[in-house]
Amino acid sequence: MLSVVPQFGKLPALLACCCLSVIAVVAQEATPTPASTESEEVIRITTELVQTDVMVFDKQGKFVDGLKADQFDLRVDGKPQAITFFERIKAGAVDEDAQLAAARGGAMRREGDKMGAALPLDRGRTVFFFVDDIHLSPDSLARVRKTLLVFIENEMGQNDEAAIISATGQPGFLQQLTGEKIVLRAAVARLMPRSFAVRDLQSPPMTSAHALAIERLDNSVLDFFIEALQRETPQLTRASAEQAVMQRARSILAQTNYFADGTLISLENVVRGCAPLPGRKLVFFISDGFQLDERNGNAKDRLQRITDAAARSGVVIYSVGAQGLTSGTLDATTQGNFDPSGRLTSTDLSELRNSQEPLSVLAADTGGRALLNTNAFEAAVGKALEETSVYYLLAWKPEGAATNAPKFRRIEASVKGKPDLRVIVRRGFFDSPLPERPAAPPKKNNKKESAPAPRPIPMAEKELFGALTSRHPRVSLPTSLTLGYISTSGQGTVLTVSLGVERELLEQLAVSSKGEARVDIAGAVYNDKGDTLSVFRQELSVSPSPAQSNRHSILYNHTLRLTPGLYQVRVAALELKTRRTGSASEWIEIPSLGKGEFSMSSLFVGERTPTTVVPSMDSLAGESVLISVDRRFNKNSFLRFLTFIYNATGGSNSPPDVALQVQMFRDDQPVFTAPLNKLKTAGVADLSRIPYAAELPLTTFPPGRYVLQITALDRIRKATANRRVKFVVE
């Protein structure tokens, strides 16, 4: 039998107990999600078709709409290619996944298909901010932090997800893709100035640009430093001085290459990690720039690997020059060497341009743009989000089989007879996957006594905890998670973690196995530093149950006490016979509820099927409320919700005066706003914890993604509190 937690009892019983144990959680029907382990790549060479995304703009920078396949001239390594698939796509739309699959030669499943993710609203944009804190001055970092906060507050949409990642990993555990603004703000707060400047303590100072010029045998720069050294050390011969200067330049370049490699390897890891995510992803590469030593380093290989990874992962890179607007000329404020002969002038003037070269190359090669020499960072980010929102998808059949050794193929695209149009396309990809970098050899154990052999880990356990720690959700076993906290009189703030697994799929697996489906589940609770606070694991058996054929059921609840702070919960499920895995994660902020501050509990939402009773916004005394785990509701049902109001101000002879407002948002726009409704307190024994439950009919709301927001106003204290929760109408 599917295990079921006792459902939410009558409201009077809740008023008497007012503890989390009476909250039952029952999941609702959800569209089954197909098993999938493949990434949504924008360029794939392992199937019959190769595909790439193309953007076309006019002289005013507006996207040119309405183009057809026969208007494009597509070339690979200079050879014309016949376009076998063409479609205009809106980034982040639900149909984007189906269109990308069709361009790879697969069947296109659109909205409403049985096995598709039938969400009529946009899925939302996926945006990564890669902050190159290895190559950022303190002033630049201050501008970057401001830009990120403006994006979070003003540009980030209701269904968008973003991640803030730095080359050195400063945000730590917070470097995760999320739609929670509080997590992103906390990640921004962890970005601090770092000192990774190339160390050169000799005089006159030698920059990376000078070292590169010396390595390339620029005699004017080389002579300047040789003569300076001979003035300080007259006994040195010209040959000895030249050798010392060359060695000094190589030392500086070794540091330069080390720091550049650190940035590019981190960026490549971020880009490759995007592969499992659906649709097109936008990565902002934010840096002051750095020099590339193509002769001694492997800069070209690094850049091509990132370009190929971006193509395979569906990533477009927009580079942002964090230095802002610079003239590129030397003036009285520029620190440099005393050089009356002007031998360093050319190198100094080209330093900024050369340091921006990797930013320009990565943007151009991945189908993005380099946003350089501007102080309008916020506008530049907004413009990039706007111009990447629509693109054309082109696919073609490759000529012959892929070569044994990966070969970099160059892509060109233009609009026939329209040379005035600006066409942005990825510049290339490798025709076969690149070999993985060799792992670092294990450290030798010099101890004579042998260490005890580690306990062999069963394969099922590896798969389960692999899903639990996965960077992105596993979907072959649909798994839902909901979190909710309340304040109790005896236990303080208690969080309930509720995990649900698709009932219909489990029963199908049970029928196919002629018995029961066995599911192994696990979960972990972390603080914002990534420290593990609680873990749980349970194996459950599921057999077909006609009595529960009309609903999903929760398989597991886990409760724990938490102090105020920011937390993440991860859960995973493994069906032991088919090895299907599912995972989910959520962030939650626990506020300070026990210090007399006006606040609210989590907002719990559920569903009521249609009845002859006319629904109202009044408190639902005497009614039951079933809380949903996956928060997916039928359009013909009623949305029910519950919250608790804490520490409302009341007089010695008068109850608290709290007004509540209910709102629903779609794409950040209010689609329903109820009048202020006074919170009723009649019959409530503990006025420091006042429950409020109500419902809304969903029949007037089109299918899609919504946000429910409840705002409470303490009219005596003049304080407000609000809670929000996302849900889907089907």
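Which residues lie on one side of β8 and which on the other, and are they buried or exposed? That was my starting point today. I kept in mind that I'm looking at a predicted model.

**Entry 1: strand β8**

I picked out β8, which covers residues 315-321. On one side I found Val315, Ile317, Ser319 and Gly321, and on the other Val316, Tyr318 and Val320; they are all buried, so both faces are covered.

Next I looked up who pairs with β8. Strand β7 (residues 281-287) runs parallel to β8, with 7 bridges between them. I traced one of these bridges: Val283 has Ile317 of β8 as its partner. β8 also pairs with strand β9 (residues 370-371), again in the parallel sense, over 2 bridges.

**Entry 2**

I moved on to an open sheet of 4 strands, and I noted the order as β3-β2-β11-β13, with antiparallel pairing. Its edge strands are β3 (79-80) and β13 (428-430), and each of them pairs on one side only. Then I checked β2 (residues 72-76) against β11 (residues 408-415): they are antiparallel and share 5 bridges. Asp73 sits opposite Ser414 of β11. I also spotted helix α8 (residues 299-313) lying across β11 and β13, at about 95° to β13.

**Entry 3: two helix pairs**

How far apart are the axes of α3 and α4, and at what angle do the helices pack? I got 10 Å and about 175° for α3 (residues 138-155) and α4 (residues 181-189). The two are therefore roughly antiparallel. I listed who makes the contact: from α3 it is Arg145, Leu148, Leu149, Ile152 and Glu153, and from α4 it is Lys181, Leu184, Arg185, Val188 and Ala189. Sorted by class, I have 6 nonpolar and 4 charged residues, and no polar ones.

My other pair was α5 (residues 208-215) with α9 (residues 345-355), packed at about 115° with axes 9 Å apart. The crossing of α5 past α9 is right-handed. Ala209, His210 and Ala213 of α5 meet Thr347, Asp348 and Glu351 of α9. This contact splits into 2 nonpolar, 2 polar and 2 charged residues.

**Entry 4: one serine**

I went back to α3 for Ser140, which is part of that helix. Is Ser140 buried or exposed? Its relative accessibility is 1%, and since the cut-off for buried is under 20%, Ser140 counts as buried. Leaving aside residues up to four places away in sequence, I found Ser140 touching Asp288, Ala322 and Gln323.

**Entry 5: the sheet with β16 and β19**

My last stop was another open sheet of 4 strands, antiparallel, in the order β17-β16-β19-β20. β17 (532-542) and β20 (581-590) are at the edges with a single partner strand each, so one side of each has no neighbour in the sheet. From one strand to the next, the twist averages 15°.

Inside the sheet, β16 (residues 517-527) and β19 (residues 565-575) run antiparallel and are joined by 9 bridges. I looked up one of them: Val519 is partnered by Glu575 in β19. Helix α12 (residues 459-468) packs on this sheet, and I saw it touch β16, β17, β19 and β20. The direction of α12 makes about 145° with that of β19.

Methods. Residues numbered from 1 in each chain as written. Predicted model: local features only at pLDDT ≥ 70, side-chain atom pairs only at ≥ 80, totals over all residues. Heavy atoms only, no water. Buried < 20%, exposed > 50% of the residue type's maximum accessible area, 1.4 Å probe, protein only. Pairing = 2+ DSSP bridges. Contact = heavy atoms within 4.5 Å. Axes fitted to C-alpha atoms, helices over the stretch in contact; angles between N-to-C directions. Parallel < 35°, antiparallel > 145°, perpendicular 65-115°, else oblique. Nonpolar A, V, L, I, M, F, W, Y, C, P; charged D, E, K, R; others polar. Left-handed = near helix turned anticlockwise from the far one by under 90°.
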